[in-house]
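Trainee: I would like to go through this model step by step. Please show me the sequence and the structure.

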Amino acid sequence: MTQAVTTTRAAPFRVETQFAARRPWVPSVAALRRWAVAAHRAAKACRRPGRRGSEAEAGGLCIRVVGAAASRRLNREYRGKDQPTNVLSFPASPVERELAGSLGDLAICAAVVADEAREQGKAPPAHWAHMVVHGVLHLQGYDHESARDARRMEGLEVEILRGFGYQDPYRLVGSPNS
């Protein structure tokens, strides 16, 4: 008598993309997805019991590319800062996470990311990758409120970005160590 062996395969991590702005340079849907999936997998591999977001398996997130006006409005409304910012993370509620498998949403401002990349001497794809990875890690419960948490989050960001061939985003361009 032979027994059938069944394997359960986890559903793929979904990344929905929305474009409310496309200029300046914005990466492809495929690139945004690659960066988000890599950050999700790395965070999942490093997750410690009890960390926020570890109760239910997240099945996806939404990345919305926005303009400066929308970023400013969101930043003012949710963070009390009246200026556009590079990336905002909106974690899903526990109910959304449980029922829909949603990790949450990211709002990334194309204009701010382009300006920062230029000012910091970074290639646009490298800076975009950093913003996606940074935002996804926030959705996974990482933060940089304390020096210890910042070191942990930044170390994971550097590791993920290195996997794509990008340099440490926290190392200053032109510094003796770069």
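Trainee: How many nonpolar, polar and charged residues are in the lining of the largest pocket?

Mentor: This is a predicted model, where local features need pLDDT of at least 70 and side-chain atom pairs count only at pLDDT 80 or more, while totals for chains, interfaces and linings use all residues. Residues are numbered from 1 along each chain as its sequence is written, and side-chain values use heavy atoms, without hydrogens and water. A pocket is an open set of points on a 1 Å grid over the protein atoms alone, where a 1.4 Å probe fits, with protein on both sides within 12 Å along at least five of seven lines; lining residues have an atom within 4 Å of a point. With Ala, Val, Leu, Ile, Met, Phe, Trp, Tyr, Cys and Pro as nonpolar, Asp, Glu, Lys and Arg as charged, and the others, Gly among them, as polar, the lining has eight nonpolar, seven polar and six charged residues.

Trainee: Which strand gives the largest share of that lining?

Mentor: Strands (E, at least two residues) and helices (H or I, at least four) are DSSP runs, numbered from the N terminus. Helix H2 (68-79), strand S3 (87-91), helix H5 (124-139) and helix H6 (147-162) each supply at least two lining residues. The largest share is five residues, and it comes from S3.

Trainee: What is the order of the strands in the open sheet?

Mentor: Two strands pair if DSSP finds at least two bridges between them. S1 and strand S2 (residues 60-66) pair in the parallel sense over six bridges, and the sheet as a whole has mixed pairing. Its four strands have the order S1-S2-S4-S3.

Trainee: Which are the edge strands?

Mentor: An edge strand of this sheet pairs on one side only. The two are strand S1 (14-19) and S3.

Trainee: What is the mean pLDDT of the chain?

Mentor: pLDDT is the predictor's confidence in each residue, from 0 to 100. Over residues 174-178 it is below 50, but 83% of the residues reach 70 or more. The mean is 87.

Key: Contact = heavy atoms within 4.5 Å.
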